Amino acid sequence: MNIKKGKFLETILAEKRLEIAKMPEEQVGKVRQTYNFYDYLKELSDQLQVIAEVKKASPSLGDINLEVDIVDQAKNYEQAGAAMISVLTDPVFFKGNIEYLCEISENVQIPTLNKDFIIDKKQINRAVNAGATVILLIVAVFENQYPKLQNLYNYALSLGLEVLVETHNKAELEIAHQLGAKIIGVNNRNLKTFEVSLQNSVDLTPYFKEDNIYISESGIFSANEAQKVSDAFNGILVGTALMQSENLEKSLKDLKVKRKTNEN
Ligand SMILES: O=P(O)(O)OC[C@@H](O)[C@@H](O)c1c[nH]c2ccccc12
């Protein structure tokens, strides 16, 4: 699919609405049992934790790794010490699939994150039934529709899900705080232009709140880069680097750098 520069979010949301129109209503079941992601990161605060992503392709990079056995990949992430597995389920732009989330959730013990552009309760019900324990809500998707964001956020919590709320700038971070979000992501990639800068994460750290946990997302490849965000952030979300790694275990372990915390 061709995407005009600056129009990615608009394009994907138009496509997402079509997908949702065809999506069946599901009776929502119980959330899969695993540890609470927020508590886990609070407990392991002396080390930067990794959310490892299963991502076959992306609109900015094209194909990343189409040959991968997604279940093996996820099991290897778990084995190497990932705190959670992120599974892209968008079929059009990321070559993801809801089935990947089902299969992976059945084969790992740790939390799984449904990574998609969620704008409807139907998608949240589907995420629970596919085994997700955490969902992503992206503030930029709800420009001027914050009551809707709050609604979906509250609905997800009422089902027993945890929610990662993604932001990109100070205004969005404030919205995440107003929402009452406890797990907040800062995306280093601008979803409108695809530009990636780690500095984006660093610049927002003065505004962080003590009780929350913060995740720096995208564009992280090395221990050096991980170290740049590790003081203020509890974790990082990494896709491409791990999907392309020839030594996944080492790559993942290297990213789990030591953190400075109040206690040490
Ligand atoms: O492959 P990277 O640069 O390591 O990025 C992973 C993840 O942060 C990225 O896939 C992502 C972050 N937020 C998103 C929202 C939708 C789709 C994808 C994303």
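The model is predicted: local features need pLDDT of at least 70, side-chain atom pairs count only at pLDDT 80 or more, and totals for chains, interfaces and linings use all residues. Residues are numbered from 1 along each chain as its sequence is written.

**Exercise 1.** Work out whether the residues of strand S4 are buried or exposed.

Solution. Start with the terms: helices (H or I, at least four residues) and strands (E, at least two) are DSSP runs, numbered from the N terminus. A residue is buried if 20 or more other C-beta atoms lie within 10 Å of its own, exposed if 12 or fewer, and partly exposed in between, with C-beta atoms placed from the backbone. In S4 (residues 84–88), 5 of the 5 residues are buried, so the strand is largely enclosed by the rest of the structure. Next, look at directions: Met84, Ser86 and Leu88 point one way, while Ile85 and Val87 point the other way.

**Exercise 2.** Find which strands pair with S4.

Solution. Two strands pair if DSSP finds at least two bridges between them. Strand S1 (residues 49–54) runs parallel to S4, with 4 bridges, and Glu53 stands opposite Ser86. Strand S5 (residues 112–115) is also parallel to S4 and joined to it by 4 bridges; here Ile85 faces Thr112.
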